[in-house]
Amino acid sequence: MRLRHNVRVTGIYDEPELYELACAYRDVRTEVDALDRWYARHAGPAGPPSVLELAAGPAEHSLEFARRGVPATALDLSPAMCAWASEKASTAGLSLDVMRADMRDFKLAQPVALAVTMLNSVCHLMTLDDLVTHLGAVSQAVSPGGLYIMELAHPADFLTLVPRTSSEWDSEVGARRVHVRWGGGDDVIDPVTQVTREHVQVTVRDAGGARTLTDVVPNRFWTGTEVSAAVRLAGGFAEVACYGDFADGVSLADREAWRMIIVLRRI
């Protein structure tokens with residue numbers, strides 16, 4: 001298979017520690033609780049017996065599954081992210097398979113019951129062909145009756161004047177203070193390609209001083225109807241649910257919805 005578009009991006013994704021600090025506002029345990037709950041609701045009465053995290057980055061969600069005794073695999077294209085995930089697993093005494101591969105072109109030795117893509121990582125698939133190819137690869141990696149759960153940005157972030165998420169935030173991680181600016185401002189979306197080149201700045205301050213990383217990251221905005229069309233084109237999955245938050249009872253149309261979380265079941 002010849003892939004025409006390289007989805008690997010450099011900069012922030014080659015600095016796993018800074019990326020992890022930038023995303024420290026996320027409640028990974030609560031999010032994995034939701035993934036467990038949705039698996040039980042849409043696939044089986046118990047939690048998933050095996051998990052694949054795609055475009056895993058620092059692999060925080062697959063590491064949390066591993067802490068819960070679930071066999072987990074983290075897949076990412078960045079050598080730095082893969083090395084970071086492996087080191088974190090080793091330090092914590094956890095069993096985690098780490099696989100360096102393109103999220104559109106990979107094969108597992110054994111299929112998993114649950115695949116997940118978190119933090120809007122599907123935004124790195126720039127064309128419909130990319131998304132369809134990706135879904136085809138994932139369908140081969142998930143056992144029949146299993147799930148693929150995709151967390152994407154809420155459409156309101158791009159289609160309304162008032163976005164659901166902030167482009168600038170602060171976090172405290174131990175003794176470190178983190179300031180992040182991700183997009184916003186003049187980073188407008190191209191109306192033809194639906195791609196925006198988001199300017200990223202992450203500053204970490206501690207007793208030793210400050211470190212700042214800047215980058216420009218291309219992201220593709222996907223609507224729910226486009227994802228649904230890609231699912232039909234790829235085959236292998238049926239769309240069974242859509243949520244607007246990791247909390248129960250929040251639909252995509254609710255005012256408090258801030259994500260578009262699509263649940264697919266392997267046919």
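## A residue in helix α3

In this predicted model, Ser-62 is found in helix α3, which covers residues 60-67. Ser-62 counts as buried because its relative accessibility is 0%. Leaving aside residues up to four places away in sequence, Ser-62 touches Glu-53, Ala-72, Thr-73, Ala-74 and Leu-96. Met-260 lies 198 residues from Ser-62 along the chain, and the C-alpha atoms of the two are separated by 20 Å.

## Helix α4 and its two faces

Helix α4 takes in residues 79-92, 14 residues that reach 20 Å from the first C-alpha to the last, close to the 20 Å expected at 1.5 Å a residue. Its buried residues are Met-81, Cys-82, Ala-85 and Ala-89. Seen down the axis of α4, these buried residues fall within an arc of 100°, so they line one face of the helix. In general, an α-helix has 3.6 residues a turn, so residues three or four places apart point the same way.

The face of α4 turned away from the buried side carries Ser-90 and Thr-91, which are exposed, whereas the buried residues pack against α1 (16-22), α3, β2 (72-76) and β3 (96-100). After α4 comes Gly-93, which has a positive phi, near 70°.

## The open sheet

Seven strands form an open sheet with mixed pairing, in the order β3-β2-β1-β4-β5-β11-β10. The edge strands are β3 and β10, each of which pairs on one side only. On average, and with direction ignored, neighbouring strands of this sheet are turned by 20° against each other.

Strand β1, residues 51-54, pairs with β2 in the parallel sense over three bridges, and the bridge partner of Val-51 in β2 is Ala-72. Helix α4 packs on the sheet, where it touches β2 and β3, and its direction makes about 170° with that of β3.

## Nonpolar cores

The largest nonpolar core has 30 residues, of which Leu-35, Trp-38, Ala-59, Phe-65, Leu-96, Leu-114 and Ile-149 touch the most other members. At least two residues of this core come from each of α2 (28-42), α3, β2, α4, β4 (112-117), β5 (142-153), β10 (237-243) and β11 (259-266), and α2 gives the most, with six residues.

Among the contacts of Ile-149, not counting residues up to four places away in sequence, are Leu-35, Trp-38, Leu-114 and Ile-261.

Technical notes
Residues are numbered from 1 along each chain as its sequence is written. This is a predicted model: local features need pLDDT of at least 70, side-chain atom pairs count only at pLDDT 80 or more; totals for chains, interfaces and linings use all residues. Side-chain values use heavy atoms; hydrogens and water are left out. Helices (H or I, at least four residues) and strands (E, at least two) are DSSP runs, numbered from the N terminus. Buried means under 20% relative accessible area, exposed over 50%, partly exposed in between (1.4 Å probe, protein chains only). Contact means heavy atoms within 4.5 Å. The expected span of a helix is 1.5 Å times one less than its number of residues. The arc is that of the directions from the helix axis to the C-beta atoms. A nonpolar core is a set of buried Ala, Val, Leu, Ile, Met, Phe, Trp, Tyr and Cys residues joined through side-chain atoms within 4.5 Å. Two strands pair if DSSP finds at least two bridges between them. Axes are lines fitted to C-alpha atoms, for helices over the stretch in contact, and angles run from 0 to 180 degrees between N-to-C directions.
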